[in-house]
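Please have a look at the structure first.

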Amino acid sequence: MTLLQQAGAAVLLLSVTLSLQCGGAAALILWIRSIPRETREVQVFHCAALVMQTTVAVIVLHGIVILLWASCYRWLCFPSWESAFYFSASSYATVGYGDVVLSSKWRLLGPLESMVGMLMSGVSIGLLFAAVTHLVDGDSRSRLPLHPKPANPDQIGLRQRRHCYLRGPRSNV
């Protein structure tokens with residue numbers, strides 16, 4: 001029965017965590033896309049404020065997930081909110097000091113939260129990178145085309161030379 005209880009709690013926590021993270025990431029993506037791309041009109045302080053807002057939103061999103069796991073730990077394992085939040089934050093950040101541990105009945109939830117924390121941190125780094133890239137690209141359309149045209153070597157200053165390994169270089173034919 002213990003393994004079934006752990007699996008049920010894990011599935012529930014993972015479902016809610018992924019829903020929160022995916023919903024938050026989707027909202028941030030929509031917000032980043034709504035930022036105007038004309039960087040000539042955007043001032044330095046405005047760009048810094050946008051990056052700071054994105055960073056704060058990501059930190060708040062992680063804090064909500066940590067609080068979700070802490071509330072589960074408080075309900076199942078720990079007598080105080082301080083211990084539950086401390087354990088959840090150190091597990092989520094993959095620090096894991098070991099001074100506060102879960103009871104043996106629920107100890108598989110700690111490593112699960114660490115895996116979720118690592119994955120969600122990667123998603124957050126991707127979101128921050130997207131926000132900065134959005135601001136840096138500006139109104140340039142330097143995207144790679146779907147069907148690139150082959151480059152003419154004469155246009156880009158490259159000339160191909162065929163080499164014959166036995167007789168030396170040959171001219172282009």
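Helices α1 and α4 are roughly parallel to each other, because angles under 35 degrees count as such. This is a predicted model, where local features need pLDDT of at least 70, side-chain atom pairs count only at pLDDT 80 or more, and totals for chains, interfaces and linings use all residues. Residues are numbered from 1 along each chain as its sequence is written, and side-chain values use heavy atoms, leaving out hydrogens and water.

**α1 with α4**
- The axes of α1 (residues 2–33) and α4 (residues 109–137) come within 11 Å and cross at roughly 5 degrees.
- Axes are lines fitted to C-alpha atoms, for helices over the stretch in contact, and angles run from 0 to 180 degrees between N-to-C directions.
- Helices are DSSP runs (H or I, at least four residues), numbered from the N terminus.
- Among the contacts (heavy atoms within 4.5 Å), α1 residues including L14, L18 and R33 meet α4 residues including V116, M120 and H134.
- The residues of this contact divide into 16 nonpolar, four polar and one charged.
- Ala, Val, Leu, Ile, Met, Phe, Trp, Tyr, Cys and Pro count as nonpolar, Asp, Glu, Lys and Arg as charged, and the others, Gly among them, as polar.

**α1 with α2**
- Helices α1 and α2 pack at about 170 degrees, with axes 10 Å apart.
- α1 and α2 are therefore roughly antiparallel to each other (angles over 145 degrees).
- Residues of α1 including L20, G24 and W31 meet residues of α2 including A57, L61 and W69.
- This contact divides into 16 nonpolar, six polar and no charged residues.

How values were computed
Helix = DSSP H or I, 4+ residues; strand = E, 2+ residues; numbered from the N terminus. Parallel < 35°, antiparallel > 145°, perpendicular 65-115°, else oblique.
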